[in-house]
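Visitor: I would like to learn how to read a protein model. Could you take me through some features, one by one?

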Amino acid sequence: MQAEAPWALLLIIPCSLWIWWIIRATSRLQGGRRVAAVSIRTLILMLLISAIAQLQPYLLVKQRDVVFVADRSASVQAEAAIGQWIQEAYSSRDDKDRGAIVTTALDAVVERALSPNSPGGSGGYSFRTVLNDHFTNLAGGLNTASGLLSGTRGGRVILLSDGEENTGDMLRQARLLKEAGIQVDVVPLSSTVANDMAVESLQVPQSLRQGETFTFEIAVNSTLSGSAELRLYSDNREISRTTVDVQAGENRYALQSTALEPGFHRFRAEIYAAGDEREQNNISYAFSKVSGPPAVLIVEGRTGSSGNIEAALDSSYIGHTTIAPEQLSVELAEYAAYDSIVLNNVPATRIAEKPMNWIGKAVSDYGVGLVMLGGDDSYGLGGYFKTPIEAALPVYMDLKGKRKIPSLGLVLVIDRSGSMSDGKLELAKEAAMRTVELLREEDTVGVLAFDSAPAWIVEPTKLTDRESVLSKIGMIQPSGGTEIYSALDAAHTKQLESTAERKHIILLTDGQSGMNSPYSELTQSMVDHSITLSTVAVGDGSDVQLLERLAKEAKGRYYFTKDQSTLPAIFSRETVLMSRTYIVEQTFIPQIGRGGNWSSLWKGGLPRVNAYVATTAKETAETALLTPEGDPLLSRWAYGSGRAVAWTSDLTGRWAPEWVSWPDLPKVLTQWIKWTFPQFESQPYAIDAKLEGQEAKLHIRAEGSRTTGSSDMKAVIQGESGQLQTLRPIPVAPGEYEASLPVGEPGVYLGQVSSSAGGAGGAAAGGTTTGFVIPYSPEYRLSSDDGKLKLARLAELTGGRVLGLDDASLAYDYEPKPYRQAYDMTHEWLAAALLLWLVDIAIRRISLSSAWMQLGKRLRQRLASDRSTVPVKTGGAVASMNRLQERTKRAGEFYSGSGNNGGASAAEPLVRPSAPSAAPASRPATRPAGQPVPKSDKQTTPDESPDQNLPDSNVTMNRLLAAKNRSKR
């Protein structure tokens, strides 16, 4: 047994002391009455202590307890079949078995508690509760069932459902039931809807620009085939009605439209088909925010080469501006005004340092898009190695050792005269270092600095110790005048000794040579020995005529720049041009790679490409189109807050003429550019929603410096019907808030979130307007038969069975697990104590009256008289009786003091042996009439008292003794 309040058992100690005191102090009761009274009182106290301690004995229970969990959600709708199954299961149980019924949909309700009684009804059990059948919460039903079986330790649950849950996690609940020792049997049910056509989703870009062309993407799932009518609505205004062919299974449709009016817009897609048995899933919703028209900045390397790009943007009503690279602004704010920047075959040598940095920053920090289109002045050929624009693009400028490259012997001839001290030399050193980083270990590099005389900073050597070369370049300091010829001659002499497959010299100066020298002989020798020379003139003070002539005669390139920040790009370009063959001339049809939503652009096939600039895709980039060599032709990626696209062929018709004449080019090119448009707008708050049953959980996040929160936040929500609801979100984390919104119907909800500052006056702290979609309940989505697999998994986890619709008789067909159950005997303890209390009162308060005592005495005398008339056998028994009578006589004489007066002789026995049946001869046979009977012959009659034959003193003594005995009782 068990005690619910074991501390009460300590009361035995004071009760024991009290019982001991009763035994010592009670003198009125004597004998058996005293023992009985004390024993009964002790037992009463023990019963009362047992009741207070809630002492409960254990009983061994062996019965079957089954809880039926009925799924009454809309996806099942088989109440009659479920009720019939439960009724048949009840009829197969034993009399002592019990059953309960739980119904579940969104919530779980106990229809019938555990009971051995049948629910009744010949046609099956009829459910009485009303539930919200728009959701299925099987985990809630199992949890409620486990609560009913919590005290039975080993009951069984039978779940009748299709397994298509959309709230909760029944497999997680199954693990808890397994720990509790509860097995779950499952009865898989099928959906009652056979013919159903549902709009699974409607997808629209949530952010659009005015005049932008976009696509409605509609997914339809169906169990039947046939034609249907697909309707589209914008703000409750029908904008399209199309007849579509629907096949059984998943169907996808795309319809194009144009964003015309700024603001928030609600969209709705509906489908109608003959034979569709369910209408709740025929509608899907979406929304979009249309802002002002987009703006694109086109930077072209060659004037008039962007006609194809401009035409494509015009066809999509996208505004654009076309400029030369030298017109790029040096103010960062200017770039934030554009949605995307297109670099159309622009060399890095024509982009100044600040615009180069601002373009990279505009992409990473402000979400401005970046598109680079190829050509012979783009990518590595344009000198973008190690620039901010290369960092923003999804490709590397070098080839990362992907193909065999000729070895290069390069000598850098750098002017270090005093005129280079105003920052030009530092940029020249940076350019030299960037060049060294581009070269491989197999290449040879030499650095020659000159002023009035040349000096080797780094003798021509292979780059086995790249860090040492970079360190020596950084130690160049400006000094002296300018003398070019001797420096070129020294570089030429070293190149004659080089064994590299390609030999190249780069000359950089901002001044003029101090003497006339035979440059023509020097350049001719370079041509004869396959040595090329490129020259870089920095500023108006340089000898531009000489430098341009030298580059022309030595088959190199001439550069003039007033912006010394372009020097690193010039050196990079020269190195790339000489070290690698970057232009790949090969006609091919691009291979399709990973392009995400761009895959639909290539369904009709792709035109051929004749040439491209070789690059290497970055590790996290998506390569949408590839070349036969595996080089990226079209790739994209996200960079910080923005996006970037790289197309390594051109769009002027030189390298890809079939693409220029391709009818789909305007649409395809526009999609590339639109993909890079900003994906967010700077707003103080962001809001999203998640549907949980009949509530939408709104999550509001403060952006930027507002993460400290607000003292007063308000969210005004407007539903499809136009009704407004005001919510007060509560903070759940720094800068994050949550609120619950009761929703009664699906649709698009618009939310305006605002707050007030915590200071006096409650100044406005900003707000935002956005939207979220509440779809139709997942209860009405088409079943994928995953529910039956989950039900089988549920039975497996708990050790249960998978029963069929014909197996109702097996519901109670299992071996029950005996268990101990505590029985509450509080009422029995109290009832027994009450009865014993009454007995105790009777023993202590009720005694026999004198009349009853006299009656008892007479009965004893009668019995004694009867025994005296019975013939006494001789022998040991007679002797014993005589001895007893003799002792009684002596005691009487002692107390009376009368000796033998009036008594029998001591030697005379009181009981004599019986005489023979014949009379003695001495006694006459007859006595004369009237003659007195002798005293010795006198007999005692039965009616006479024995005390009449005793002396008076003996009678008195007997009465005193009797009175004393009565007082003791």
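Visitor: Which residues of α10 are buried?

Guide: Buried means under 20% relative accessible area, exposed means over 50%, and partly exposed lies in between (1.4 Å probe, protein chains only). The buried residues of α10 include Lys-424, Leu-425, Leu-427, Ala-428, Val-436 and Leu-438. In total, 11 of the 15 residues of α10 are buried, so the helix is mostly covered. This is a predicted model: local features need pLDDT of at least 70, side-chain atom pairs count only at pLDDT 80 or more, and totals for chains, interfaces and linings use all residues. Residues are numbered from 1 along each chain as its sequence is written, and side-chain values use heavy atoms, leaving out hydrogens and water.

Visitor: What span does α10 reach?

Guide: Helices (H or I, at least four residues) and strands (E, at least two) are DSSP runs, numbered from the N terminus. The expected span of a helix is 1.5 Å times one less than its number of residues. α10 reaches 21 Å from its first C-alpha to its last, close to the 21 Å expected.

Visitor: Where is Arg-416 found, and is Arg-416 buried or exposed?

Guide: Look at the loop between β22 (408–415) and α10 (424–438). Arg-416 is buried there, at a relative accessible area of 17%. Contact means heavy atoms within 4.5 Å.

Visitor: What is the strand order in the open sheet of eight strands?

Guide: Two strands pair if DSSP finds at least two bridges between them. Here the order is β18-β17-β19-β20-β34-β33-β32-β29, with mixed pairing. β18 (319–323) and β29 (591–592) stand at the edges with a single partner strand each, so one side of each has no neighbour in the sheet. Helix α17 (residues 665–675) packs on the sheet, touching β17, β19, β20, β33 and β34. Its direction makes about 145° with that of β34; axes are lines fitted to C-alpha atoms, for helices over the stretch in contact, and angles run from 0 to 180 degrees between N-to-C directions.

Visitor: How many bridges join β32 to β33?

Guide: Four, and the two strands run antiparallel. One partner pair is Leu-625 with Leu-634 in β33.

Visitor: Which side chain makes a polar contact with Asn-610?

Guide: A polar contact is a pair of N or O atoms within 3.5 Å; within protein, one must be able to donate a hydrogen and the other to accept it, and residues adjacent in sequence count only if both atoms are side-chain atoms. The side chain of Thr-587 joins that of Asn-610 at 3.1 Å. Asn-610 is partly exposed, at 30% relative accessibility.
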